[in-house]
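Subject: Structure handover

Hi,

Here is the structure you asked about.

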Amino acid sequence: MKKKLFPIMTLLLMSNFLPVIYAQKQPQNNNDTISPKIEEVKNSIEILNSELGLLKKIKISGYLQGQFQIADKPGTKNFEGGDFSAASDKRFMVRRGRLKVAYVTDLTQFVIQIDATEKGVAVKDAYASFTEPWLKTFGITAGIFNRPFGFEIPYSSSLRESPERARMSQILFPGERDLGAEVVVNLPKTIPFWSGFKLEAGLFSGNGINPDFKEYKDFIGRLSYTGTNKNEFFKYGVGISYLKGTTYNGTKKIYTMQTLQDGITAGFGIDSTETNKGGNSVKEYLGIDAQFTFDFPFGITQLRGEFIMGQQPAYEGTTGSTNDATYAKTLPAKDTYIRKFNGAYFYLVQNIGRSKFGIVAKYDWYDPNTGISGHNIKPTYDYNGSSTNKTLLSAADIKYQTLGVGVNFKMMENVKLTAYATLVLNEKTNVPGYDGDISDNIYTLRLQYKF
């Protein structure tokens, strides 16, 4: 009897517990607090992944250059960071304080860069660029960015071995940037030889980063090629650049270099046609540049050079571009002076073995008026018994040569110390104050932090 009752009791117990067990395995819609938590965690993970993906595309970089400078005398005018104050021949300054934020994807880029110094905060870059997704060869950049002319203009100041760009570069391209748009053609690396070519061409306001007020725009283009040998012992780059644009004529008076009334003296002659006012004078630059790098056992050697020639319209007393801060915000009522010019720079950069030291020697010249030189640059000349006839030549027509020598020491991965001497030589003329070489040498000690 007991043997018969045991299976029966077991079945009865199982029949009572099975519904409970089954019920526990089923989802309880009314009392389930776990599922919403799981969904919340999943959503948080998706949001986090999305944010991490976004952060990976944002790149923040920058550098700060703090420096101490000594000039030959108080009030020295120079191209090594700006003129000294009239009461000082020594100064501390933050030459550049750059902060750059870029959002970068495979084919697009958005960039904002500011410059913060003791003089204030200014926008340096604000542009967007993209490359078409099919051939990945053609791109467009628009906004405020470096002019695509030559090598030194777009070359970063954080990498350059000398504290400043050449005098020629600063006069012709003040601030380096301009407002405009360009097309970039860069063949993919899958095409071995042709991938070394790069073409940049665009239209710019010709007014720097100031508001655009001119009717006609500047065309700037550069064709370059970079290459290397098989073992990368020798690397090279060459380029040719061209700019054609205009300068607004603030008055009817346009001066060009001519032979004056005595038939001998060179100076500025005038064209005062009424229709000149409000018109435009042509500016035109042609440049060639080259860069060579050799990886010698005793250290890497770099040679760089660039030559520019052309025609420069400018306002009285200057040969600078009319897009500098003095004139760029309004239509100036200034007479126009047109000159032929040329200039060049040459670098020799030598690393000391594999050490953290490097030396640099740099020579540059800028001749703002190739139509005259030396003591022929004089403000007056003799004609018909009078020695007060004006040539309208001035200090703006004087040629300058600059020799720079320096040492760079890379103290840490992102810290560089530079000691540099800038020796400036002007040609001797008959312009008062420029009958000899003026004292305008500058000595710079700079500490740069880059991240």
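How do the residues lining the largest cavity divide into nonpolar, polar and charged? There are six nonpolar, six polar and eight charged. Here Ala, Val, Leu, Ile, Met, Phe, Trp, Tyr, Cys and Pro count as nonpolar, Asp, Glu, Lys and Arg as charged, and the others, Gly among them, as polar.

Some ground rules. The model is predicted: local features need pLDDT of at least 70, side-chain atom pairs count only at pLDDT 80 or more, and totals for chains, interfaces and linings use all residues. Numbering starts from 1 along each chain as its sequence is written, and side-chain values use heavy atoms, without hydrogens and water.

**Cavities**
The whole structure holds four cavities of 30 Å³ or more. A cavity is a set of points, on a 1 Å grid over the protein atoms alone, where a 1.4 Å probe fits but cannot get out; lining residues have an atom within 4 Å of a point. Points join across faces, edges and corners, and volume is the space filled by probe spheres set on them. The largest has about 150 Å³. Of its 20 lining residues, Phe79, Glu80, Asp364, Thr402 and Thr422 lie nearest the centre.

**Cores**
A nonpolar core joins buried Ala, Val, Leu, Ile, Met, Phe, Trp, Tyr and Cys residues through side-chain atoms within 4.5 Å. Buried means under 20% relative accessible area (1.4 Å probe, protein chains only). The largest core has 23 residues. Phe149, Leu172, Phe173, Tyr285 and Ile308 touch the most other members. A second, separate core of seven residues includes Tyr337, Ile372, Ile377 and Val431.

Best wishes

Definitions and conventions:
Buried means under 20% relative accessible area, exposed over 50%, partly exposed in between (1.4 Å probe, protein chains only). On a 1 Å grid over the protein atoms alone, a cavity is a set of points where a 1.4 Å probe fits but cannot get out, and a pocket is an open set with protein on both sides within 12 Å along at least five of seven lines; lining residues have an atom within 4 Å of a point.
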